[in-house]
Amino acid sequence: MTDVAIQLHDNNRRLDAIDRKILTVLQEDASLSVAEIGDRVGLSSTPCWKRIQRLEADGVILRRVALVDQNKIGLGISVFVSVESADHSEAWLRKFAEAVSAMPEVMEFYRMAGDVDYMLRVVVADMQAYDVFYKKLISAVPLKNVTSRFAMEKIKSVTALPVPAA
């Protein structure tokens with residue numbers, strides 16, 4: 001790595017200061033026009049658009065989405081679910097991952113190091129909806145332990161990654 005650019009791991013392309021500015025602007029508001037983004041990063045529209053297209057093609061920009069307030073659509077409960085498994089085989093993990101990935105209530109799903117094997121972030125409307133989810137989860141594959149922690153208050157939630165400086 002140099003002071004000028006961050007090397008992308010998947011290929012030999014580099015993120016320069018303008019790429020990082022574009023990423024920062026897009027993470028804040030992806031609905032801006034290319035001209036507006038260009039103005040903010042010091043480029044005209046065409047070179048700005050070419051950089052955005054390259055960032056998409058390189059897989060740096062995965063997609064552009066609208067962020068929805070979960071409370072305003074009736075999903076007021078967030079639950080962090082820790083899962084422990086007695087089976088650590090590849091076949092078990094494949095079946096578990098397929099089952100959990102198909103559950104729309106699961107927003108995030110991680111394999112962990114430490115005292116739990118998997119961590120899920122789940123959103124549901126109410127306790128009854130969580131109970132339905134829980135029963136679906138425990139019937140998917142054999143589990144050793146499931147612990148649910150209910151969030152009382154969301155203190156910080158951001159979607160923009162801190163784009164590293166050169």
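User: In which helix do Tyr130 and Tyr134 both lie?
Analyst: Helices (H or I, at least four residues) and strands (E, at least two) are DSSP runs numbered from the N terminus. Tyr130 and Tyr134 are 4 residues apart, about one turn of the helix. The element that holds both is helix 5 (residues 127–140).

User: What kind of model is this?
Analyst: Residues are numbered from 1 along each chain as its sequence is written, and side-chain values use heavy atoms, with hydrogens and water left out. Local features need pLDDT of at least 70, side-chain atom pairs count only at pLDDT 80 or more, and totals for chains, interfaces and linings use all residues, for this is a predicted model.

User: How many aromatic pairs are counted?
Analyst: Rings of Phe, Tyr and Trp (its six-membered ring) pair if their centres lie within 6.5 Å; planes under 30 degrees apart count as stacked, over 60 as edge-to-face and the rest as tilted. By this rule the count is 8.

User: What is the angle between the planes of Trp92 and Phe96?
Analyst: The rings of Trp92 and Phe96 lie 4.8 Å apart, centre to centre. The pair is stacked, and the angle between its planes is 20 degrees.

User: Is Phe96 buried or exposed?
Analyst: Buried means under 20% relative accessible area, exposed over 50%, and partly exposed in between (1.4 Å probe, protein chains only). Because its relative accessibility is 0%, Phe96 counts as buried.

User: Which class describes the aromatic pair of Tyr130 and Tyr134?
Analyst: The two ring centres of Tyr130 and Tyr134 are 6.3 Å apart. With 40 degrees between the planes, the pair is tilted.

User: How far apart in space are Trp92 and Val141?
Analyst: A contact means heavy atoms within 4.5 Å. Not counting residues up to four places away in sequence, Trp92 touches Ser85, Asp87, Tyr118, Val141, Pro142 and Leu143. Trp92 and Val141 are 49 residues apart in sequence, and their C-alpha to C-alpha distance is 7.6 Å.

User: Which residue has its backbone oxygen reached by the side chain of Trp92?
Analyst: The side chain of Trp92 reaches this backbone oxygen at 3.1 Å. The residue that supplies the oxygen is Pro142.

Note on methods. A polar contact is a pair of N or O atoms within 3.5 Å; within protein, one must be able to donate a hydrogen and the other to accept it, and residues adjacent in sequence count only if both atoms are side-chain atoms.
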